[in-house]
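The following questions and answers are for someone meeting this structure for the first time. Please keep the sequence and the model in view while reading.

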Amino acid sequence: MNFSGKIVNVPIYVDKFNATKEGLVYFLSHFHSDHYSGLSNDFNRRLYCSDVTRELVLHHFWNINQQNVIALELMVKHKIMFIPCTSDNSEEDQDFVYVTFLPANHCPGSVMILLEGYFGKYLHTGDFRYNNDMNNYADILNAGGPIDRTYIDTTFASEFWENIPTKQNSTSEILRLIETRSSKAYVYIECDMLGTEDILLAIYERFGELIYVWEEKFYKLRKIPEIKDIITLDEDSRFRVCRAGTLANLTPPEDNIENIKLFVENTMVTYDSRQHKYKKKEDHIIMLDMIKSQRKIDKDVDVYNSAIYIKPSVQWFFYNKMHDISCIDKYNNQWHVQYSLHSSYSELRNFLRMIKTKTITPITDCEPSIFKVLNSLCVQGIYQTPVMSERVTSYLKRQFSGSDELSQVAKKRKVGSSDLIESDISISTTDEDSLETLLDCENEDVITRDDTLCFEEARSAVKTIIQTTAISSTLNILRKDPK
């Protein structure tokens, strides 16, 4: 992802979280690691996202200030303040932004972000996969005139990816492959990345069987309403989700453990004897051979009853220059199926024809010749770069003055500043000893009220510190004695 994350001359960042002194409002379009990079438990600004993404954020960053992670309802216009309105501060146009989230068809919880304010109207697509349902967004996106600037996902803006099978067609192909096997054949599906859950849902709806996922992913997927009831930790399930490029979650039969161990060592795969798990070290070509060895399947066995391994992806087709086919059997029954979470080149053009935008900014790499074609689809109109108001600029300076001092004091105690305050609470840091006293305090009865920090806020801060310390101590004990 090459977009800097900064919306031009607006105190807003999208999918960028290491610039906390420059933004007042932050958005997370979806929960993929390349988009939440920089986000941590110490993040102490307002973060807006969808409800599903919020659940995934809180699951992953278990000690983040939950009140700072705010879910917005989709397809509804929300008013978000840059500058809090007080009795001494009347609201002005520069003080807020209107925000509308629209489903992005990329992964669960993914959204496009429509921003409207003193700067005009901007659209940030995040990662998205265009489909015909998005034509229903036209009235929302084009209301009041063209979009001034669109930050657009150009991941597959290439003639190579002129056309990619729709998610629905790819999923139908996967179901067809599964139906070529008997009801007793094991089905291994490589669905590691968030975004392939539609495949799991389709499998459950067609075959009515729960789908095994490994423990870490199981608890993550439990945060997604549509998926939580169709997955299981039962390793005897016929349908099994595999990690990307590995069969690390497959446990071999105990009575054949030595043979499997020898086989795996000979095929350059690391073997963990304590866990009885496998971790890929070299080439993924050996994966199906591992299945064959594990289940005692070879070329002489009837294909109808043999296991099948399915990898939904598009990158493999790109590397092997096979854009003109949607499904192929490679390496003895290891099926690759084109499945894309990003828009094809033709879909991007259709999207731009629909939305009416004055200019575009690619979020990812885009060849000049391709950008020229996409930019030609923009509507006539003069785009004027907005100027951040002096009112907002002054508030930014006031908001972050003294934050370094607070951060340094917190760092001495190994406590993030987000554990102490919410984004709209001010703590005077001129008296460092007072803050040190608060950090040292483990008894809420001895906390004295400060003009800038009420008793309830202080008590909450100290409780967070105590809980964090207790959890850290427990983890240290577990590391020393895993049993």
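Helices (H or I, at least four residues) and strands (E, at least two) are DSSP runs, numbered from the N terminus. The model is predicted: local features need pLDDT of at least 70 and side-chain atom pairs count only at pLDDT 80 or more, while totals for chains, interfaces and linings use all residues. Residues are numbered from 1 along each chain as its sequence is written, and side-chain values use heavy atoms, with hydrogens and water left out.

Q: Which residue follows helix 9, and what is its phi?
A: Most residues other than glycine have a negative phi. After helix 9 comes K356, and its phi is positive, near 65°.

Q: How many of the 11 residues of helix 9 are buried?
A: Buried means under 20% relative accessible area, exposed over 50%, and partly exposed in between (1.4 Å probe, protein chains only). Y345, F351 and I355 are among the buried residues of helix 9. The helix spans residues 345–355 and is largely enclosed by the rest of the structure, because the number of buried residues is nine.

Q: Which residue meets R129 in a salt bridge?
A: A salt bridge is a side-chain nitrogen of Lys or Arg within 4 Å of a carboxyl oxygen of Asp or Glu. R129 is buried at 2% relative accessibility. The N to O distance is 2.8 Å, and the partner is E347.

Q: How many residues apart in sequence are the parts that R129 and E347 tie together?
A: The side chains of R129 and E347 meet in a salt bridge. R129 lies in the loop between strand 8 and helix 2 and E347 in helix 9, so the parts tied together are separated in sequence by 218 residues.

Q: With which residue does D148 form a salt bridge?
A: D148 is buried, with a relative accessible area of 13%. The closest N and O atoms are 3.1 Å apart, and the partner is K358.

Q: How far apart are the closest N and O atoms of E173 and R176?
A: Both residues lie in helix 3 (residues 167–178), three residues apart, about one turn of the helix. An α-helix has 3.6 residues a turn, so residues three or four places apart point the same way. E173 and R176 form a salt bridge, with a closest N and O distance of 2.6 Å.

Q: Is D15 buried or exposed?
A: D15 is found in the loop between strand 1 and strand 2 (25–27). Its phi is positive, near 60°, although D15 is a residue other than glycine. With a relative accessibility of 3%, D15 counts as buried.
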